[in-house]
Amino acid sequence: MIPVKLRLIREHNRIYKCWMRMLWRWYGKDAPIVLMVHGFKPTKEECKSAFEMTAASFERLMRHLTDQGWRALTNNELHEMVESRSWQNKCFHLTFDDIYDTVYTEAFPILKALQIPFTAFVTKELVDKPNYITSEHLKELSYDPLCTIGVHGLQHKVFRNFTPEEMDEQCFGDREWLEQQFGVKADTFAFPYGRIVEVSNANRRQIKQSGFSMAFSALEGTVRASWFTGKWFLPRVNVSETFVDKFTSGKRLKYKDCEGR
Ligand SMILES: [Zn+2]
């Protein structure tokens, strides 16, 4: 038996997603998109979820965007666009969450070659763990002008049931560590997990007051939805094998093709 409270939260998530889906259909055209990428697997057969893809597909997508004249925005350029709401079409910003070591070994050389800026949302506890980025590799990423380092929580936990103090510890603990360790300004944030089920209104209000420039969710949509979400729960597009196949072959993308599941 699922507790009533959890059921209500799930319904909230469902209603929010329906609303985002309508925005996507009616309002999402020609708006900048924020791409959300996790790690890479060697073959398509090994990609078990929409959060995994091959480096070959990633390269195909990056080259396609470049060839088709899409403009790659830096984190600051995206922030300015969100602030001024002066949308330009065919723009994207690339983000990585959790930071697997394959971001350094597979994606970084491609991004260097194509000069595509990106944001790496780092969780301190995952650094130097098996399959995740090493401190050395992260240092190298952080020194590169293409890379913006962002905060993804100290431990990659669900925020919803945190007290304000626990949430501060997660956000500022990670931020302070990143800033001290790598000498960067880490003022952009992505909620771990990042759906309504995992992130409460109180969490979003608190992040608004905590001095970050903007915060990203894991819900699907374009940044035009910021008139509705504000700067504190910006939607992104999850990049999966399906997304790359459809996008690069010019097929019409459905909302569910951009979902992380
Ligand atoms: Zn994450």
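Biologist: Leaving aside its neighbours within four places in sequence, which residues is L141 in contact with?

Modeller: Please bear in mind that this is a predicted model. L141 belongs to helix α5, residues 135–143, and has a relative accessible area of 0%, so L141 is buried. Once the neighbours within four places in sequence are set aside, the contacts of L141 are Y104, F108, F118, I133 and C147.

Biologist: How far apart in space are L141 and F108, C-alpha to C-alpha?

Modeller: F108 is one of the residues in contact with L141. In sequence the two are 33 residues apart, and C-alpha to C-alpha the separation is 8.0 Å.

Biologist: Which residues coordinate the zinc ion?

Modeller: Along the chain, the donors follow the spacing D-x53-H-x3-H. The coordinating atoms, at 2.0 to 2.2 Å, are OD of D98, NE2 of H152 and NE2 of H156.

Biologist: Is D98 buried or exposed?

Modeller: Buried means under 20% relative accessible area. The relative accessibility of D98 is 9%, and therefore D98 counts as buried.

Biologist: What is the phi of D98?

Modeller: D98 is situated in the loop between β5 and α4. Its phi is positive although D98 is a residue other than glycine, with a value near 75°.

Biologist: Where does K90 lie, and what is its phi?

Modeller: K90 is found in the loop between α3 (75–84) and β5. Its relative accessible area is 36%, so K90 is partly exposed. K90, too, is a residue other than glycine with a positive phi, near 50°.

Biologist: Which residues are the closest to the centre of the second largest pocket?

Modeller: The second largest pocket has a volume of about 440 Å³. Its lining is made up of 23 residues, and those closest to the centre are H38, F51, D98, Y100 and H156.

Biologist: Which strand gives the most to the lining of the second largest pocket?

Modeller: By class, this lining holds 10 nonpolar, 6 polar and 7 charged residues. The strand that gives the most contributes 3 residues, and it is β2 (residues 39–41).

Biologist: Which residues does T102 touch, not counting residues up to four places away in sequence?

Modeller: T102 is placed in helix α4. Its C-alpha atom is separated by 9.1 Å from that of H38, 64 residues away along the chain. Not counting residues up to four places away in sequence, T102 touches G39, F40 and A107.

Biologist: Is T54 buried or exposed, and which residues does T54 touch?

Modeller: T54 sits in strand β3 (residues 52–54). At a relative accessible area of 6%, T54 falls under the 20% limit and is therefore buried. With residues up to four places away in sequence not counted, T54 touches F40, K41, P42, T43, K44, C47 and E241.

Biologist: How far apart are the C-alpha atoms of S49 and T66?

Modeller: S49 lies in the loop between β2 and β3. S49 and T66 are 17 residues apart along the chain, and their C-alpha atoms are separated by 26 Å.

Biologist: Which residues touch the most other members of the largest nonpolar core?

Modeller: The largest nonpolar core has 58 residues. Helix α4 gives the most to this core, with 7 residues. The members that touch the most others are L35, F58, M62, L94 and F96.

Biologist: Which residues does M62 touch, not counting residues up to four places away in sequence?

Modeller: M62 is among the residues that touch the most other members of the largest nonpolar core. Not counting residues up to four places away in sequence, M62 touches L35, F92, L94, I110, L111, L114 and I116.

Biologist: How far apart in space are S200 and I9, C-alpha to C-alpha?

Modeller: S200 has its place in the loop between β8 (188–190) and α7 (201–208). Since its relative accessibility is 9%, S200 counts as buried. S200 and I9 are 191 residues apart in sequence, while their C-alpha to C-alpha separation is 9.0 Å.

How values were computed. Residues numbered from 1 in each chain as written. Predicted model: local features only at pLDDT ≥ 70, side-chain atom pairs only at ≥ 80, totals over all residues. Heavy atoms only, no water. Donors = N, O, S within 2.8 Å, 3.2 Å for Na, K, Ca; no water. 1 Å grid on protein atoms, 1.4 Å probe; cavity = no way out; pocket = protein on both sides within 12 Å on 5 of 7 lines; lining within 4 Å. Points joined across faces, edges and corners; volume = space filled by probe spheres on them. Helix = DSSP H or I, 4+ residues; strand = E, 2+ residues; numbered from the N terminus. Nonpolar A, V, L, I, M, F, W, Y, C, P; charged D, E, K, R; others polar. Buried < 20%, exposed > 50% of the residue type's maximum accessible area, 1.4 Å probe, protein only. Contact = heavy atoms within 4.5 Å. Core = buried A, V, L, I, M, F, W, Y, C linked by side-chain atoms within 4.5 Å.
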